[in-house]
Amino acid sequence: SIAVVGASRRPGSIGRELLHNLIEFDFRGKLFPVNPKADFIHSIKAFPSVSDIPDPVDLAVIVVPREQVLEVADDCGKKGVKGLVVITAGFGETGEEGRKLEAELRERVKRYGMRMIGPNCMGVINAHRDVHLDATFAPTLPLPGRIGFMSQSGALGVAILNIARQLDIGFSYFVSMGNKLDISGNDLLLYWEDDPETDLILMYLESFGNPKRFMQIARRISRRKPIVVVKSGRTQAGARAASSHTGAIVARQGLDIATDALLAQSGVIRVATVQELFDLAMAFSKNPVPRGNRLGILTNAGGPGIMATDTAISMDMTLGKLSAETTAKLRQLLPSEASVANPVDMTPKADPSNYARCAKLMLEDDNIDSLMVISVPPILVGARDVVTGLEELRRQFAKPVLGVIMAPEDFYLELNESSPGHVAIYQFPESAAQALAALDRYRRWRERPAGEVRAYKAERVAAEELIASVQSKTRLQLTSPEAFRLLECYGIPVAWTKVAKNIEELRAQAKDFRYPVALKANTPDIVHKTEAGGVALDLRTPEEMIAAAKQMAERIAASRGGNAGDPAPGFLVQEFLRGGREVIIGMTQDPNFGPLVMFGLGGIYVETMRDVAFRVPPLTDVDAQEMIRQIRGFRLLEGVRGEKPVDLDALAEILQKFSQMIEELPQLAEIEINPFLVFPEVGQFRAVDARVRLATIGK
């Protein structure tokens, strides 16, 4: 039973349209319009308030002015209503006054034990055959289907329902979330996880309330049900100054890096546009998951076949090699000038009736995992025959079958009216190829091992004491020796390092070092030592080292303007490591997601090449391995021109230890190990330089 509070007789008003949709969609329960100024609305008896309704009320849809919402919520709570959908806007999205009202509304919902969607939303749809609920003010009634759709935008939700009907896409549920005051996207995911009416989940997101919780839930659900997301806000607001390459890359790229990382780790398919969302919705809702990435293309025009091939190959699909038996049978059916190698070009002379027979032969071939059929129809009658033939094949084969009919819009409108639930049809081959590639990405995700977050032995107490000691000195930046010690607490190997406060102390220690050594300036105002001339390598004698130290001090003094009052630099002496490949391991804080781990090629090329991958911790063992393999320079780590590969398993373990460290030490704001030298033997791994910045000084 539903009470529509704010139901109206005025044409065009939200209160009138919402009640009208409930009636027209044939809601299978009781409806109670609530309006103190009307006796009847839509020929249904109206009541002055929810408390005046004699029957129990399960759900109240609230469409009253903002100033009346709290009073209505109280009335609903006292009546025993358990669910609210608050359409009314003017709350947290409008400013301080709205946020205060929103806080009061939250308190009432909690006080009465109610659950609420909204405020500032366009309503909900439940298309279940026993419910038939359309509590929205959208002008288009939904088609029933097996897709759960969540939209964080009410206005976009109206457009989505309109477009979905045009594309023959139906929903099990549609929920406009609004301000997410109570029920969140995570709640909906949990509901749809085991819902037998929902096979596919689509989401339009503007923000994450609890990103880590989303990742936990989505990672589990996406193993069983595909989740496709379009996330707005791809540019990162408020890019801040950062002392590390990690932070600088995040700020400069300006992309929504954290969202990309989180969704990829969760098995969620992210698309850039609503159009792509619908393209994938058609493919996923009307096809099984493919067995592999081998695509078959059947076309009557060479150009569209080439476009489909180019798009598919660029998205990691391959063209399946047809068997000799298949090509021989195709040759018997097609004109002599036709090409029977994949893609199969039937030519415009081909009889439209041959489409189904050729498509059947290709689907029977074990070398084809999915099929795209392209038709540039000379007449629309032929196009309808193609769709009919594909529809029959879709029921016979457990392989994805997509059609591309390059026809006018009128053809699609007529097709949806005459053949509801038809095979997925696209107007352009690139869209179909992208949708098939998404199906294949989802297959790879489902076949991917789940991985585990491993716990490594660490000196956590010692690390916390080190951080507390730095904070007690009112410092945010750790010195290099402190940073190295922190890494050692978590089993991350570092190069042996000695500290000298000045040249005199360096000269006194010189005879005790094992040569060759590397010499580095050790001063807080120099962040990037190489650029400042603060690094000298492969120094083989004490004399070479002292000479390099003097030159380094002169360069640093010159870079500071030669002021006499500037302190002389201190020095770090390190073992000089030959060979090895340089990588970078870093962490920066995202304002919405928290810590973000970065891995890539290191050394002086990190900002130039920006060949890096990002993940949201905690990292599983599979996350770490994928992170390494994602960078373009992975082949350098595998070994080229006779080089041995680095120990990739050991490197993945280092990333997991790094992830554990930043999870256990929330005081850390920014970390960068650059370069971290990796070798074929794990015993040679070394962190050569490290910077650590704390979030707060502490008390």
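Reader: Which residues does F214 touch, not counting residues up to four places away in sequence?
Author: This is a predicted model. F214 is one of the residues with the most contacts inside the largest nonpolar core. Leaving out residues up to four places away in sequence, the residues touched by F214 are N186, L189, M203, F208, R219, L262, L263 and V268.

Reader: How many residues does the largest nonpolar core have?
Author: The members with the most contacts inside this core are I2, V61, M203, F214 and I227. A second, separate core includes V470, L478, L487 and F685 and has 48 residues. The largest nonpolar core has 54 residues.

Reader: Is α6 roughly parallel or roughly antiparallel to α8?
Author: Two packed helices are described by the angle between their axes and the distance between the axes. For α6 (residues 211–221) and α8 (residues 257–266), the axes come within 8 Å and cross at roughly 25°. Angles under 35 degrees count as roughly parallel. The crossing angle therefore makes α6, relative to α8, roughly parallel.

Reader: Which residues of α6 and α8 make the contact?
Author: The two helix axes come within 8 Å. On the α6 side the contact is made by P211, F214, M215, A218 and R219. On the α8 side it is made by L262, L263, Q265 and S266.

Reader: Why do the buried residues of α16 line one face of the helix?
Author: Helix α16 covers residues 460–472 and reaches 18 Å from its first C-alpha to its last, close to the 18 Å expected at 1.5 Å a residue. Its buried residues are A463, L466, I467, V470 and Q471. They line one face because, seen down the axis of α16, they fall within an arc of 135°.

Reader: What do the buried residues of α16 pack against?
Author: On the other side of α16, V461, E465 and S472 are exposed. Among the buried residues of α16 is V470, which also belongs to the second, separate core. The buried residues pack against α17 (480–489), β28 (668–678) and β30 (690–694).

Reader: Is T474 buried or exposed?
Author: T474 follows α16 and sits in the loop between α16 and α17. Its phi is near 55°, a positive value in a residue other than glycine. A residue counts as exposed when its relative accessible area is over 50%. T474 has 57% relative accessibility, so it counts as exposed.

Reader: Where does D316 lie, and what is its phi near?
Author: Most residues other than glycine have a negative phi, and most peptide bonds are trans. D316 has a positive phi and is a residue other than glycine. D316 is exposed, with a relative accessible area of 52%. It lies in the loop between α10 (302–314) and β16 (318–319), and its phi is near 70°.

Reader: Within what arc do the buried residues of α19 fall?
Author: Helix α19 (residues 542–559) has 18 residues and reaches 26 Å from its first C-alpha to its last. Its buried residues are M545, I546, A548, A549, M552, A553 and I556. Seen down the axis of α19, these line one face of the helix, since they fall within an arc of 160°.

Reader: What does the cover of the buried residues of α19 include?
Author: The face of α19 turned away from its buried side carries the exposed residues E543, E554 and A558. The cover of the buried residues includes α18 (503–509), β22 (517–522), β23 (535–539) and β24 (570–575).

Reader: Is Q660 buried or exposed?
Author: Q660 lies in helix α23 (residues 648–664). Not counting residues up to four places away in sequence, Q660 touches R454, A455, Y456, A458 and Y490. Buried means under 20% relative accessible area. At 10% relative accessibility, Q660 therefore counts as buried.

Reader: What share of the residues in the protein chain is buried?
Author: The secondary structure of the chain comes to 23 helices and 30 strands. Its C-alpha atoms fill a box of roughly 100 × 80 × 45 Å along the principal axes. Of the 699 residues in the chain, the buried share is 55%.

Technical notes: Residues numbered from 1 in each chain as written. Predicted model: local features only at pLDDT ≥ 70, side-chain atom pairs only at ≥ 80, totals over all residues. Heavy atoms only, no water. Helix = DSSP H or I, 4+ residues; strand = E, 2+ residues; numbered from the N terminus. Expected span 1.5 Å × (residues − 1). Buried < 20%, exposed > 50% of the residue type's maximum accessible area, 1.4 Å probe, protein only. Arc of directions from axis to C-beta. Contact = heavy atoms within 4.5 Å. Core = buried A, V, L, I, M, F, W, Y, C linked by side-chain atoms within 4.5 Å. Axes fitted to C-alpha atoms, helices over the stretch in contact; angles between N-to-C directions. Parallel < 35°, antiparallel > 145°, perpendicular 65-115°, else oblique.
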